[in-house]
Amino acid sequence: MKLGFIGLGNMASAMIGGMLKKGLVSSQDILGSDVREVGRAKAAEQFGIETCADNKKVAAEADILFFAVKPIFLAQVLGEIADVVKDNTIIVSIVAGKSIDFMVQGMGGKARKIVRCMPNTPALVGEGCTGVSDSESVTKEEMEQVLDLLQSFGVAQQVPERLMDAVVAV
């Protein structure tokens, strides 16, 4: 299983660190991209993962693809990678305020396996609380796999997507 991260900031680092610490994946199983060289270098040094500046490369190789970018950049990233994401890739977004429908539309309107979640800052120390919602295309087994990954840096609880903005506010 190959994990891809588009965005390698603080929250992505907390997630990667938790997954590696719990032994759910190895550093060879993770590929990350970031627009900033300093972010790529820090992640490569800290976790021993492969990094690059090419979002398309990450999107094409990932079995589970994490979006960890600022909300203002999500539409651009979605448009950039839409044609290279495999149909069976599970897309996990931690982008605040952006719905599953926003992501589907941003990638051309085709049904995708999308999980929207919102970890909070205690995830930085392995004590996070993450609200999680999924699209209809995500199977129960796939959701369990994603929840296992998210629980590596705290607790994760499924909630209806209509409540995700409330989860963000809390």
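**Close-up views of a pocket and salt bridges**

**View 1. Lys113 and Glu142 in the predicted model.** E142 and K113 are both buried (under 20% relative accessible area, with exposed meaning over 50% and partly exposed in between, for a 1.4 Å probe and protein chains only). The two residues form a salt bridge with the closest N and O atoms 3.1 Å apart; the term stands for a side-chain nitrogen of Lys or Arg within 4 Å of a carboxyl oxygen of Asp or Glu. Because E142 belongs to helix α6 (residues 140-150) and K113 to strand β6 (residues 113-118), the pair ties together parts that are 29 residues apart in sequence. Helices (H or I, at least four residues) and strands (E, at least two) are DSSP runs, numbered from the N terminus. The model is predicted, with local features needing pLDDT of at least 70 and side-chain atom pairs counting only at pLDDT 80 or more, while totals for chains, interfaces and linings use all residues. Residues are numbered from 1 along each chain as its sequence is written, and side-chain values use heavy atoms, with hydrogens and water left out.

**View 2. Arg116 and Glu161.** A salt bridge joins R116 to E161, with 3.1 Å between the closest N and O atoms. R116 lies in strand β6 and E161 in the loop between β8 (154-158) and α7 (164-169), so this pair ties together parts that are 45 residues apart in sequence. R116 is buried, at a relative accessible area of 5%, whereas E161 is partly exposed, at 27%.

**View 3. The largest pocket.** A pocket is an open set of points on a 1 Å grid over the protein atoms alone, where a 1.4 Å probe fits, with protein on both sides within 12 Å along at least five of seven lines; lining residues have an atom within 4 Å of a point. The space in the largest pocket is about 650 Å³, taken as the space filled by probe spheres set on the points, which are joined across faces, edges and corners. Its lining has 26 residues, and G7, D34, A68, V69 and K70 lie nearest the centre. Helices α1 (10-21) and α4 (71-81) are the elements that give two or more residues to this lining. The largest share, 5 residues, comes from α4.

**View 4. Asp34 and Arg36.** The side chains of D34 and R36 form a salt bridge (3.8 Å, N to O). D34 is buried, at 9% relative accessibility, and R36 is partly exposed, at 43%. D34 is also among the residues nearest the centre of the largest pocket.

**View 5. A salt-bridge network.** Salt bridges link E50, K57 and E61 in a network. The count for the model is 8 salt bridges.
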